[in-house]
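Notebook open, model loaded. I want to go through strand pairing, charged pairs and nonpolar packing, in that order.

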Amino acid sequence: LEQLGLVPKQYKFDQLIVNDYKPGQGIHPHIDRRNCFEEYIVGFSLGGDAVMDFRHINSGEIRALLLQPRSVLILSGQSRHQWQHGISANSTHLYRGVAFKRTHRTSLTFRKVKPEFLVDESEFETQIPKAQATQKIGTWPILLVGLLLVVLAAVIQHLDWIGFGDA
């Protein structure tokens with residue numbers, strides 16, 4: 001994303017959320033907490049298509065965006081701060097007059113926690129020694145996510161921009 005100029009150079013995400021959606025599941029409209037997270041929220045979509053609705057917090061205007069498999073959504077600026085985003089919990093979605101049945105979808109959402117919300121890990125060292133925590137967690141999830149990102153970077157599709165700067 002950095003090489004494509006979509007996020008600033010040296011921008012380091014420190015949080016990954018993996019959401020697994022069964023057909024018909026959604027997520028309520030929301031804005032990722034502005035006081036907790038930095039400017040860029042990046043979501044990769046895997047699996048089935050879904051329509052994400054955006055609602056402007058002042059005007060109430062609603063715009064829809066089709067999230068296709070292997071696509072990336074980057075929220076920053078007005079799209080991050082002035083628009084709620086969510087996916088309706090319906091088994092069928094309608095996008096530009098075309099209805100499609102929802103299938104299994106997984107999203108990977110990357111965020112960066114603001115420094116004032118970072119936890120001092122030294123508090124936990126007395127409870128679980130670092131070596132023991134590493135043995136329990138292992139490194140395979142990190143390697144798997146890294147491999148997945150390499151594959152995704154090779155197949156990222158450009159999203160149909162829906163003009164968030166207009167409102």
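**Sheet, charges, cores**

I started at a strand pair and found Q15 opposite R111 in β10. Strands here are DSSP runs of E with at least two residues, numbered from the N terminus. Before going on, I noted that this is a predicted model: local features need pLDDT of at least 70, side-chain atom pairs count only at pLDDT 80 or more, and totals for chains, interfaces and linings use all residues. Residues are numbered from 1 along each chain as its sequence is written, and side-chain values use heavy atoms, with hydrogens and water left out.

**Entry: the sheet.** I looked up how β1 and β10 run, and they pair in the antiparallel sense over seven bridges. (Two strands pair if DSSP finds at least two bridges between them.) Both belong to an open sheet of four strands, in the order β1-β10-β3-β6, with antiparallel pairing. At the edges sit β1 (15-21) and β6, each pairing on one side only.

**Entry: salt bridges.** How many salt bridges does the structure hold? I got two, taking a side-chain nitrogen of Lys or Arg within 4 Å of a carboxyl oxygen of Asp or Glu as the criterion. In one, R111 pairs with D32, the closest N and O atoms being 2.6 Å apart. R111 lies in β10 (residues 105-111) and D32 in the loop between β2 (27-30) and β3 (41-47), so the pair ties together parts 79 residues apart in sequence. I checked burial too (buried is under 20% relative accessible area, exposed over 50%, partly exposed in between; 1.4 Å probe, protein chains only). R111 is buried at 11%, and D32 is buried at 7%.

E61 and R63 form a salt bridge as well, at 2.6 Å from N to O. E61 is partly exposed at 31%, while R63 counts as buried at 15%.

**Entry: cores.** I then listed nonpolar cores, meaning sets of buried Ala, Val, Leu, Ile, Met, Phe, Trp, Tyr and Cys residues joined through side-chain atoms within 4.5 Å. The largest has 13 residues, and M52, F54, L67 and L73 have the most contacts inside it. Two or more residues each come from β4 (50-56), β5 (62-67), β6 (71-75) and β7 (83-87). β4 gives the most, with three. Apart from this core lies another, of 10 residues, V7, Y40, L46 and V72 among them.
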